[in-house]
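Hi everyone, thanks for coming. Please take a look at the structure on the screen, and I'll walk you through a few parts of it.

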Amino acid sequence: MTSRPAVTAGVLITCGVLCAALAMGLRNSFGLFLAPMTEANIWTASGFSFAIALQVLLNGVSQPICGQVADRYGGRAVVMGGAVLYAIGILGMLMAVQLGVFTFFAGVVMGIAVSAAGMPVIIATLTRLLPESQRGRAVGLGTAGSSFGQFLVVPLAGVGIGTLGWETTLALMAAAALLMIPLAWTLGEPPRAKVAPKDEETARQALRRALRTPTFWYLFFGFFVCGLHISFLTTHLPGFVHYCGLPVAVGAGAIGLIGLFNIGGSLVSGELTQRWKRRELLVIIYAARGVLITGFMLLPKTTTTVMIFSALMGLLYLSTVPPTVALVARNFGTRWLATIFGLVFLGHQLGGFTGAYMGGVVLDMTGSYDLMWWIGVGASAFAALVHLPVKDPPLPRPAGAVA
């Protein structure tokens with residue numbers, strides 16, 4: 001592997017943040033194409049939605065695999081390969097005429113692409129490359145960058161669809177995906193020894209150790225709740241707002257506001273991760289989500305209450321990521337961090353699939369989203385409790401673990 005370029009920590013973090021922002025922004029734009037693409041190709045909305053849900057699911061399943069490749073060969077090659085798959089997947093979506101072909105590119109190809117060029121691989125690579133004193137801040141910035149991508153790229157894609165048409169917009173998005181290649185170049189890691197030291201922990205040993213540790217499962221199921229909340233909100237909040245009789249623009253503004261305020265929430269979470277107990281931070285975040293959802297359900301649904309809820313939820317939205325990454329690193333080391341965090345992230349995506357799908361099922365069965373909101377409150381309580389026994393030790397230095 002080519003040796004890492006001599007770059008400062010600032011350049012390294014900046015490029016990683018921009019790469020994460022671009023990846024997340026492009027990914028979160030796909031929902032905007034549901035109406036124009038289903039109308040143009042005479043597809044059903046459920047068929048289009050299944051392709052996106054499949055993407056979320058395969059993102060979770062393939063994340064540990066991409067993480068292990070990044071752990072073995074470095075994050076730069078994986079992210080650059082993911083950028084190429086991003087472009088191929090988006091172009092395939094553009095050229096698809098049959099729904100099955102669209103599902104392959106939007107669900108399968110993009111599911112793998114999002115794993116390879118996504119936030120888990122980027123932040124795991126940054127964690128390895130940076131000193132302990134800068135890791136929490138870097139993860140917070142990377143998470144905030146993802147939200148900034150959602151806040152900036154999604155509206156731009158909407159403008160593009162309205163002015164240039166959905167076909168041209170998809171083509172421009174495919175070209176934009178390739179910008180991740182030069183950004184990822186700085187993520188190169190120093191070459192590892194071709195023959196691993198005898199006392200170095202293998203990936204299989206690290207995974208076995210993690211899977212036998214209760215803390216891993218606490219983090220896994222806690223992150224499941226995080227994914228359930230996020231996917232339910234991004235998929236169904238606009239529909240819930242419309243169901244309450246508010247203008248469609250309020251729903252779109254609510255999603256944008258969540259992304260905007262999550263920038264601040266992620267930055268604060270990253271700083272607190274470096275200065276405070278990460279376990280307690282996660283307990284507070286999940287408990288606060290439950291309190292916030294409860295208050296929202298008890299108040300009248302007006303434009304003002306929706307916007308206040310969205311802003312406050314934005315502060316808590318992805319603020320779980322920095323402390324979760326830090327706890328994985330502290331419990332299991334950084335040598336196989338992308339692999340193990342990839343498994344934790346699988347829990348997040350399984351929760352995401354559940355939140356997106358269950359929201360629709362609850363609406364179909366009851367004619368209302370109310371039950372799903374209260375399920376979210378219960379899930380918040382569960383996540384807060386399940387993090388209480390999580391171990392939050394100093395960074396371990398097991399044999400072969402590079403801290």
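Let's begin with a term: a residue is buried under 20% relative accessible area, exposed over 50%, and partly exposed in between, with a 1.4 Å probe and protein chains only. This is a predicted model, where local features need pLDDT of at least 70, side-chain atom pairs count only at pLDDT 80 or more, and totals for chains, interfaces and linings use all residues. Residues are numbered from 1 along each chain as its sequence is written, and side-chain values use heavy atoms, leaving out hydrogens and water.

So, is Phe-261 buried, exposed or partly exposed? Phe-261 has a relative accessible area of 32%, so it is partly exposed. You'll find Phe-261 in helix 12; helices here are DSSP runs (H or I, at least four residues), numbered from the N terminus.

Now compare helix 6, residues 119–129. How many of its residues are buried? Eleven of the eleven are, so to speak, under cover, among them Pro-120, Thr-125 and Arg-128.

Last stop: a pair of helices. The axes of helix 13 (residues 278–298) and helix 17 (residues 370–386) come within 8 Å and cross at roughly 155 degrees. Axes are lines fitted to C-alpha atoms, for helices over the stretch in contact, and angles run from 0 to 180 degrees between N-to-C directions.

Terms used:
Helix = DSSP H or I, 4+ residues; strand = E, 2+ residues; numbered from the N terminus.
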